[in-house]
Amino acid sequence: MKLKSIWRSTAKEYPRLEKYIDRDIVVIGGGIAGYLTAFRLTEAGQSVTLLEADRLFSGTTGRTTAKISANQGSVYADLVRRYGESVALLYYQAQLDGMKGFEELVRRYDIDCDFEKTDGYIFSEEEPGKIDELFRTLRSLGADCGIVRNEPPFEKAAALKMTEQYLFDPLKFLSSLPAEFEIYENTRAIKVDVVNKLVYTGGGCVKAKKIIVATHYPIINPHGSYIMKLRQSTSYTIAVKEKCSQGMWLEERTEGLSVRPFREGTLFGGIDHRTGRIGKYGKFEKLTERVKSQFGAVNITNGWAAQDVMTFDGMPMAGRYAKNLKDIYVVTGFNKWGMTNSMVCASILTDAVLERGNPYAELFSPSRRIKKNLVPFISNAFTNLSEIFLGYFRFTIKGASEILPGQGMIVFYRGKRRAVYRDEDGKLYVIGRMCPHMHGELKWNGDTKSWDCPCHGSRFDIYGNILSEPSVKACKCKQQNPRL
C-alpha cells in the first residue's frame with residue numbers, strides 16, 4: 001500500500017517569494033478554499049496574490065474524499081435543536097448553492113474532472129431511529145429525500161437517500177480553472193502584522209490592503225480566539241481496485257464508514273479521532289478489516305490520513321477574522337464538508353472584501369454566538385490546557401535504545417527529553433518534543449509516521465517540518481544520527 005493520496009495535481013509549478021512586494025489582496029493558503037476565493041475575487045475584477053506554504057492543493061484538499069453533497073447527516077437536526085428551523089434551512093440552501101457553483105464552473109470551462117451525478121446516502125445499521133429523525137428534519141426543510149432499506153451494498157441498514165449529488169476529482173478541477181492571479185508556492189506565512197498589513201514569509205514580505213487567511217487552521221493568535229473555538233480531527237482513507245458501490249455512503253456515527261466510487265475503484269474512509277489523541281496504532285488495518293467484513297477480499301492500492309477542522313455547531317467560519325481587525329478575513333472549520341462549503345465561503349469572502357451583502361455572511365460569521373456550546377467548549381479548553389501543562393511534567397525513564405525500528409517515542413536522549421524516531425535501518429531522527437505553536441507535547445502517530453500535537457492539531461514529519469497548521473514554525477531538528 002502506498003502511503004499517499006490518489007489525487008494528483010496537474011497545476012504548473014510557481015516561484016517562491018523572495019522579495020518585498022506591495023499588493024492589493026493577499027490570500028494565504030493554496031487549498032480549495034483559498035484558491036476558489038482568489039478565483040472569485042479575480043472574476044470580480046480584483047488583483048489577487050496567493051501564497052502557498054508548499055505546493056498548491058498539497059494539504060487537506062489533496063486528501064479529501066471529494067464529495068459534493070448536501071446530504072450531510074446529523075448537522076441539520078443539530079442546527080434545528082440549536083438555532084431553529086430557519087437556520088437549518090439557510091444552511092441547507094447554502095449547500096445547494098455550493099453544489100450549483102461546481103456544476104456551473106465545470107460546464108462553463110468544460111473541465112474534465114470526472115464530475116458525475118450520483119446518489120448520496122446516510123445510513124445506520126444499529127440506530128435506524130436516527131435516520132427517521134434526519135428524514136423528518138430534511139423533509140421539513142423541503143429537501144427531496146427518502147428512506148430506503150435493503151439497498152446494496154448495505155442491505156441491513158436504513159438509509160436516507162438524496163439524488164443528484166456529485167463526485168469529482170478535486171485536483172483536476174482546480175488545476176483546470178483559469179488562474180488569472182499571482183501565485184507563489186513554497187512560501188509559508190510565518191507572521192502577520194495586523195496593524196500594518198504585512199505578511200512575512202521565509203524569504204520575503206507582502207504589504208497588502210486586504211488579507212485573507214485560508215490556512216486550514218487560522219494562524220494569527222490571539223485574535224478571534226480560534227484556539228478555543230476549534231479542534232482538529234484525523235481520519236483515514238484507503239483506495240481499493242474493486243468497484244464496491246455506485247453511490248456515496250456515510251455511516252451516521254462518529255467512527256462511521258465513508259464510501260465513494262472513483263474511476264479506478266472505491267474509496268473507504270473513517271476511524272476518526274481527535275488529532276494527537278491517537279490511542280492504539282493500526283488505523284489502516286482497522287479500516288481494512290471493516291471493509292473486508294462488508295465487501296470481502298479487496299486489493300488496496302493507497303492509504304492516507306486527512307485532517308479536518310471542526311466547529312462546535314457544525315458550520316464553517318468565513319468572514320472578518322475578528323471584530324477588532326479591519327480588512328483581515330478568515331475561512332476555516334469545514335467539519336469534513338469542505339468541498340461544498342468552500343464554494344459558498346469563497347463567495348462570502350468575495351462579497352465581504354467588496355463590501356457587498358451575502359445571504360450567508362451572518363450564518364457563517366466567525367464572530368457568531370454558538371448556542372449550546374458550553375460542554376464542548378469546556379472539554380476543548382481542558383484538553384488543550386491539560387496537554388500543555390502535563391507535557392512539562394510528564395516523566396519518562398526510557399532511552400533511545402528502547403525504540404523499535406519504524407517507531408517514535410518521547411525518550412531521554414543525551415540528558416533531555418526528545419521526540420525520537422528510529423527508521424527501519426536503525427537511524428535516529430531527533431527533534432524537539434514540544435509543538436512550537438503553544439508548547440503541547442507531541443504524540444507519535446505510527447500510522448502516518450508523524451508527530452502530532454493533541455492541543456490544536458499541528459503535525460510534523462520526522463525531520464520536524466510542518467505538515468499542518470496552526471504552527472508556523474518547524475520543530476527544530478536536534479540531530480540525525482547513525483545507528484545507536
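User: In this predicted model, what share of the contacts in the chain with a separation of 6 or more comes from residues 24 or more positions apart?

Analyst: Residues 24 or more positions apart account for 69% of those contacts. The chain that makes them contains nine helices and 25 strands.

User: How does the radius of gyration of the chain stand against that of a compact globule?

Analyst: The general idea is to set the value against what the number of residues leads one to expect. For 484 residues, a compact globule would have a radius of gyration near 23 Å, and the 22 Å of the chain agrees with this. The C-alpha trace spans about 65 × 55 × 45 Å along its principal axes.

User: How should I read the crossing of helix α2 and helix α3?

Analyst: One considers the approach of the axes, their angle, and then the residues that make the contact. The axes of α2 (residues 75–83) and α3 (residues 85–108) come within 7 Å and cross at roughly 145°. This crossing is right-handed. From α2, the contact is made by V75, Y76, L79, V80 and Y83, and from α3 by E85, V87, A88, Y91, Y92 and Q95. By class, nine of these residues are nonpolar, one is polar and one is charged.

User: Which peptide bonds are cis?

Analyst: Most peptide bonds are trans. Among the cis bonds here is one joining P152 and P153, with omega about 10°. P153 is found in the loop between β5 (145–151) and β6 (154–167). Another cis bond joins N221 and P222, with omega about 0°. The loop that holds P222 runs between β10 (205–213) and α6 (226–229).

User: What is the phi of N150, and is this residue buried or exposed?

Analyst: Most residues other than glycine have a negative phi. N150, although not a glycine, has a positive phi of about 60°. This residue lies in strand β5. N150 is exposed, since its relative accessible area is 60% and the cut-off for exposed is over 50%.

User: Where is K336 placed, and what is its phi?

Analyst: K336 is in the loop between β17 (328–332) and α8 (338–353). Its phi is near 75°, again a positive value in a residue other than glycine. K336 is partly exposed, with a relative accessible area of 31%.

Definitions and conventions
Residues numbered from 1 in each chain as written. Predicted model: local features only at pLDDT ≥ 70, side-chain atom pairs only at ≥ 80, totals over all residues. Heavy atoms only, no water. Axes fitted to C-alpha atoms, helices over the stretch in contact; angles between N-to-C directions. Helix = DSSP H or I, 4+ residues; strand = E, 2+ residues; numbered from the N terminus. Left-handed = near helix turned anticlockwise from the far one by under 90°. Contact = heavy atoms within 4.5 Å. Nonpolar A, V, L, I, M, F, W, Y, C, P; charged D, E, K, R; others polar. Rg over C-alpha atoms; globule rule 2.2 N^0.38 Å. Buried < 20%, exposed > 50% of the residue type's maximum accessible area, 1.4 Å probe, protein only.
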